[in-house]
Amino acid sequence: MLFLVVMALPAFAQDDVPTVHGLALYDEPALPPDFSHFPYVNPDAPKGGSMVRSAVGSSFDSTNPFIIRGTPAIGIGEIYDTLVESNPDEPFSVYGLLAEGIRLDPERHWIEFDLRPDARFHDGEPVTAEDVVFSFELLMEKGSPFYGAYYADVDQVTALDEHTVRFEFSNNLSRELPLIVGQLPILPKHYWSEHDFTSPTLARHPGSGPYRIAEVDPGRRIVYERVPDYWGQNLPVKRGRHNIDRLIYDYYRDRDVAMEAFKAGVMDLRIDARAATWATGYDFPAYQEGYVKRLTIPDGQPAAMQAYAINLRKEKFQDIRVREALNLAFDFPWLNANIFYDSYKRTRSFFQNSEMAAEGLPNEAELKLLEPFRDQLPERVFTEPLPIDHPKNLRDRLKLAYDLLLDAGYEVRDGVLVNSENGRTLTVEVLLYDTGLERVVQPMLRNLSRLGIRGSIRIVDVNQYLNRLRSFDFDLVTAQFPQSNNPGNEQREFWTSAYAEQPQARNIMGLSNPVVDALVDKLIRADSREELNTRAHALDRVLRFGFYVIPHYHSGETRIAMWDKFDYPDFPEYGIDLSSWWVDPEREDEILRRQGRAK
């Protein structure tokens, strides 16, 4: 309760800047200083029980998720706290977690956080400002490329005293930067200064979060247990959350085997991303008898761009006409009708299902952004409306693709498409680690063969897959580019030249385009919602007319199947917060009896 009293009365510190309880990207945060819990949670949710989920098509060899090397265990983020916590019921507002107070320079050149003196790591050591400084420097120097992109404009981090830390910025052009520095995971200096941070590890290292690592069975299972005396469990941002005692992730190489495990009751909950399974896979006794329940929850965020990423580092894919031809060979209507039970929509925009998706011709504000780059962009960016008007009929699409390939300098010899100058066959290999995706790739390969392109699938284990990605040894891979309602600094790692040759960066295509770099920079610097939308439109337009990926599809919803032992509160507007769920012990006992596993 001391927190509520302190935060209700603004304190004044550095330069008479008020100490506040939270920040919003635009305007003010929705919740007042004395809020007791997030509005959608049940603050009295009971604790206990377990939730068993699967990780499909992968394994793990590390409990360090912050570095390039190794394959991190799923769910490992549960053990860490951050300075602030986002509210899934707001577009982008943050409230104090490790930080009990926040001071933001009115000119946005710096931000300070006052740490809670009672914050503790799992081994009992206090969380201090030195841990924050150490975490930032460690992640920037030795962490994955994401951190360098996300925090590129942080100039200096200083511990002003034991519980006060200041972030200073090289400029004040990124409106979101003061908020996202609060998302920094805080690592224990006393632990990592004594251990090798750069190598994969299976150690049960400490964090300060609501869960700690309980069991590690490499490649098979990882178990997290709720910390019963978690220091932050009664904070407003945590009350009513993290209710389940044990979070268990079992690893399966095959999604069909994982589904059978779910049907048998070995697994409690699954997020079903496979349309065929959702449509036909739940005709089994436990579902018919009401022991298994299904939920369909509308997505509150833009749909992620899932796509085949085209490796632009390879000379054969540097011609935009070749990339457009590959796009034309992807026959979404056939896939949707014959494989997906008409359950998907085609993804066209990098900001799909949001007001940031570009449509039609550029408006006056977009033209003002794009005009300085006219001589560096395809003319159609200015003259053709979005969505791109490709033929709907497959035969017409392939005819257009063939004409594009001829125009790009290819010809057919003995039924095979070859480069007219050097005689090299145009080949396309799709790299996979999940056999379940073969049926999605094969129709496109058949269409490519009709054009004379030799297409193939290469399926490898997950470690070889990751090694090939790191060495850029692929033609096409399936990639995802998730977006929020407030895109910002993370766009650097997705699209800009600085990350085109960095292993494990999310610019998996190797995209290096000065126009894209400039538009990303402008997007990050947007100072209003209207400005953000306009700049997203311009970036979206340039990316779409560059044909850097072959967009897939989306559902606009999340499909959850579960054994009906869980209760949950209202769903927040901008996401699904499984941490707010809890186990009903009576229903759990009934289900265990039904499964022959009574306690």
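Author: Axes here are lines fitted to C-alpha atoms, for helices over the stretch in contact, and angles run from 0 to 180 degrees between N-to-C directions. The model discussed is predicted.

Reader: At what angle do helix α17 and α18 pack, and are they roughly parallel or roughly antiparallel?

Author: The axes of helix α17 (residues 514–524) and α18 lie 9 Å apart, and the angle between them is about 160 degrees. Angles over 145 degrees count as roughly antiparallel. The two helices, α17 and α18, are therefore roughly antiparallel.

Reader: Which residues make the contact of α17 with α18, and how do they divide by class?

Author: From α17 come Val 516, Leu 519, Val 520, Lys 522 and Leu 523. They meet Leu 532, Arg 535, Ala 536, Ala 538, Leu 539, Val 542 and Leu 543 of α18. By class, this contact of α17 with α18 holds 10 nonpolar, no polar and two charged residues.

Reader: How are α9 and α13 oriented to each other, and what is the hand of their crossing?

Author: Helix α9 (residues 320–328) packs on helix α13 (residues 394–407) at about 165 degrees, with 8 Å between the axes. With over 145 degrees as the cut-off, α9 and α13 are therefore roughly antiparallel. The crossing in which α9 passes α13 is left-handed.

Reader: What is the make-up by class of the contact of α9 with α13?

Author: On the α9 side are Arg 321, Val 322, Glu 324, Ala 325, Asn 327 and Leu 328. On the α13 side are Arg 397, Leu 400, Ala 401, Leu 404, Leu 405 and Asp 407. The contact of α9 with α13 counts seven nonpolar, one polar and four charged residues.

Reader: Which residues lie nearest the centre of the largest pocket?

Author: The largest pocket holds about 430 Å³ of space. Its lining has 13 nonpolar, three polar and six charged residues, and α9, α10 (332–338), α18 (529–546) and β21 (549–551) each supply at least two residues of it. Of the 22 lining residues, those nearest the centre are Arg 346, Arg 348, Ile 388, His 390 and Arg 397.

Reader: What is phi of Arg 108?

Author: Most residues other than glycine have a negative phi. Arg 108, in the loop between β5 (99–104) and β6 (110–115), has a positive value, near 65 degrees.

Terms used. Residues numbered from 1 in each chain as written. Predicted model: local features only at pLDDT ≥ 70, side-chain atom pairs only at ≥ 80, totals over all residues. Heavy atoms only, no water. Helix = DSSP H or I, 4+ residues; strand = E, 2+ residues; numbered from the N terminus. Parallel < 35°, antiparallel > 145°, perpendicular 65-115°, else oblique. Left-handed = near helix turned anticlockwise from the far one by under 90°. Contact = heavy atoms within 4.5 Å. Nonpolar A, V, L, I, M, F, W, Y, C, P; charged D, E, K, R; others polar. 1 Å grid on protein atoms, 1.4 Å probe; cavity = no way out; pocket = protein on both sides within 12 Å on 5 of 7 lines; lining within 4 Å. Points joined across faces, edges and corners; volume = space filled by probe spheres on them.
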